[in-house]
Amino acid sequence: MGSIDLGTAPSPASVPAQGIPYFTPANNAGAALDPTDKNTPTIFRPLTIRDVTFKNRVFVSPMCMYSAASDPNSPFVGALTDFHLSHLGHLALKGVGLVIVEATSVQPNGRISPNDSGLWQEGTDSEQFKGLKRVVDFVHSQGAKIGIQLSHAGRKASNVAPWLAMKNGVRSLRADASVGGWPDNVVGPSGGEEHTWTPGNVSFWPPRELSTAEVEDLVRAFAKSAALAAQAGVDVIELHGAHGYLINEFLSPVTNHRTDKYGGSFENRVRIVREIAQETRKVIPAGMPLFLRISATEWLEHLPVAAERGSWDMASSSELVKLLPELGIDFVDVSSGGNHKDQKFDPFGDYQIKLAGQLRSQIRAAGAKTLVGAVGLIREVELASEIVQGADQDEAHLAESMLAGSEPKADAVLMARQFLREPDWVMNAAKKLGVKVTTPNQFGRAWM
């Protein structure tokens, strides 16, 4: 090898990140240096869905921050701000494979609170579009992928931010017009006081029933927002069908008492998922992954509220996941609950991980390839790694998992609040698992 004359050779320059109008070094933290090494655990192996490859299987769940402008007359209403850039960008900097933007409403009345994010404004010159694109571009500059969860809150809309409710001694509190709320336009598949999330108190507004034409408009609104998100450069679209928000309300016979094509039979109740997915697929790139978050069960089995009409349970979810391949949905994000105040479950241990594992086993037994995400109280590195170990179908990893007495429960793990407590989770996980990963240029000396 020849020698370098340090006195005359040019100094090396930092490689700039592309796609942003300012300088920052290009980063790709959290990627295993040798993902093909047989000792690299599945959680640090890449996952490819359609045309998108995630460098690891640690995904950030959507987290509502209640930090967007609420003035309905402002062009900035619902737009992501520098707060979101800092919050989401920092997680990308610290090595996650995918960051999902918080529940983003496809219509103004679909926000949980007046301070929620939205993507209903027309065109690429809107503040909503520009705010999203700025976050997307920065996340990409740090080597992470970014998704957006498209949502409509349904009967759980028009509430104030939770910390404001807590100051008043309650968990939830209605937002009236004086703070940007829309008390007369809270909607659901069925309407009236009996369909209020908590009937008889001031926590939520009673919904009005959507007309058939309005449901059809809602389907188009999801597709329009998906198209805008794709133009902004997001890598993944997730449809929010969980936690008692509007899609979940349509799925459940507890909250859907309609008699039109969107109510009654299982086929009719899942029609809204079918139509939204199909319309979304038409307007996003063929190579873009489409996710669906579901509440696998409402936890209402054997309770009086479900005695007459039934409820959405694991059997219902098992039927739904059979339909996902034909709808172009690639990944089911398995959560639970949130659609009725009487739900009964123990929110500890592996309560949702077990649900994800059951659905994944059924999907694989049917010969389908729909991927599964596990979410809910996943905090410890060892648990997260165990959940996905062997999901890469590497013979050694799969055999190791089976010898341990379990098959993979999911193909990726999703975490939210743990990242608020521990933004360095990915880097700490790599250290605990003995995986050598790339580090951000600016912070690398902290992990040397």
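**Exercise 1. How much space lies in the largest pocket, and which residues lie nearest its centre?**

*Solution.* Start with the volume: the largest pocket holds about 1900 Å³ of space. Keep in mind that this is a predicted model. Next, the lining: 49 residues make it up, and Y66, R171, H243, Y245 and R417 lie nearest the centre. Now sort the lining by class, and you get 26 nonpolar, 16 polar and seven charged residues. Last, look at the elements: α3 (162-167), α10 (351-365), β13 (412-415) and α13 (417-421) each supply at least two lining residues. Of these, α13 gives the most, with four.

**Exercise 2. Which kind of aromatic pair do Y66 and W163 form?**

*Solution.* A search of the whole structure turns up 11 aromatic pairs. For Y66 and W163, the ring centres sit 6.1 Å apart and the planes make 85 degrees. Planes over 60 degrees apart count as edge-to-face, and that's the label this pair gets. Now place the partners: Y66 lies in the loop between β3 (58-60) and α1 (82-93), and W163 in helix α3, so the pair ties together parts 97 residues apart in sequence.

**Exercise 3. At what angle do helices α4 and α7 pack, and which residues meet?**

*Solution.* Take the geometry first: α4 (residues 212-232) and α7 (residues 271-283) pack at about 35 degrees, with axes 8 Å apart. The crossing of α4 past α7 is right-handed. Then list the contacts: from α4 come V215, L218, V219, F222, A223, A226 and A227, and they meet I272, E275, I276, E279, T280 and V283 of α7. Sorted by class, the contact has 10 nonpolar residues, one polar and two charged.

Terms used. Residues numbered from 1 in each chain as written. Predicted model: local features only at pLDDT ≥ 70, side-chain atom pairs only at ≥ 80, totals over all residues. Heavy atoms only, no water. Axes fitted to C-alpha atoms, helices over the stretch in contact; angles between N-to-C directions. Left-handed = near helix turned anticlockwise from the far one by under 90°. Contact = heavy atoms within 4.5 Å. Nonpolar A, V, L, I, M, F, W, Y, C, P; charged D, E, K, R; others polar. 1 Å grid on protein atoms, 1.4 Å probe; cavity = no way out; pocket = protein on both sides within 12 Å on 5 of 7 lines; lining within 4 Å. Points joined across faces, edges and corners; volume = space filled by probe spheres on them. Phe/Tyr/Trp six-rings, centres within 6.5 Å; stacked < 30°, edge-to-face > 60°.
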